[in-house]
Amino acid sequence: MKSTLSALVAGMIFGVGLILSEMVNPKRVQGFLDVTGHWDPTLVFVMGGALLVTGIGYKLTFSRNKPLFASTFAVPTHRVIDTRLIVGAVLFGSGWGLSGLCPGPAIVGLSTFNIDIMAFVLSMIVGMKIFDFMEKKI
Amino acid sequence: MNIVEFSWQTGLIGGAFIGLAVVTLMATSGRIAGISSIFSSLLKPTSAQPWQWTFIAGLLLSGLLFHWLYRPITLQIESHTSILVIAGLLVGFGTRLGNGCTSGHGVCGISRLSPRSLVATLVFITVGMLTVFLLGLFQLENR
């Protein structure tokens, strides 16, 4: 129960961060990627702020034995850089560039009932389902 | 290259909020705030966990409260809907294949100094830049 509520709070803080930093606005993100045109450096500072707080916060968190409301830290242990990782990042990067949207900002953007964002999220769900389907086959 | 108008202060503050959210989730539930992973787990409702539902609900709720009660969120979408649909497929499939997106790899992973996340982030930023560059060339031709 406590971890369910704290996840709600974490989600809300995350959303506020995306809104305040304007990362919900696809033009800001595409602007960051537009290095040869009209460059928008905002994302550099967003990343910087996020990494600074997370870097310090994670260090403090991991110095404890366990999380407040759970028994263990569920942290990925997989360390191999394989084709799956690279191809996945290439596909994601191309979709990110085409739209200026990644999953977080797209989900927050749904709250405006913008039809383009809805189309993107529906399509993203289909993409995830296609992956699940193919993974079962392999 | 010319640089557009921007505010590094709101960027930093917004980024700090994102960091705070990521740390909150780890400190309380012991989980990585990787949005593509959490969101995709909701697509399998029988195995989805309560914290995954509430985290995504929190994202939506923050937007709803901000947009409808405080001030409208600005969304400037430059790409045609058909392009967005293709982009959605690529983002959905790509984030599952590569096990993460901007939040999971870009923020959580790099903060843990994960080599996988560092590589993934460099790759998707580079490919994103290349895509926007090619998109610009294509749009010039159509003008």
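In H3(A), the buried residues (20 or more other C-beta atoms within 10 Å of their own, C-beta atoms being placed from the backbone) are Thr42(A), Leu43(A), Phe45(A), Val46(A), Met47(A), Gly49(A), Ala50(A), Val53(A), Thr54(A), Tyr58(A) and Thr61(A). Bear in mind that this is a predicted model: local features need pLDDT of at least 70, side-chain atom pairs count only at pLDDT 80 or more, and totals for chains, interfaces and linings use all residues. Residues are numbered from 1 along each chain as its sequence is written, with chains lettered from A and ligands numbered from 1 in the order in which they are written.

Helices here are DSSP runs (H or I, at least four residues), as are strands (E, at least two), numbered from the N terminus. The cover over the buried part of H3(A) includes H2 of chain A, plus H1 and H5 of chain B.

Now for the contact between the chains (C-beta atoms within 7 Å). Here's the tally:

| Part of the contact | Residues |
|---|---|
| Chain A | 105 residues |
| Chain B | 100 residues |

On the chain A side, H1(A) gives the most, with 17 residues. Strands join in as well: 2 bridges link S1(A) to S1 of chain B, and the two run parallel. In S1(B), Asn2(B) is the bridge partner of His38(A).

Leaving aside neighbours within four places in sequence, Ala33(B) is in contact with residues of both chains, including Ala10(A), Phe14(A), Ala21(B) and Cys108(B).

Notes
Contact = placed C-beta atoms within 7 Å. Buried ≥ 20, exposed ≤ 12 C-beta atoms within 10 Å, placed from the backbone. Pairing = 2+ DSSP bridges.
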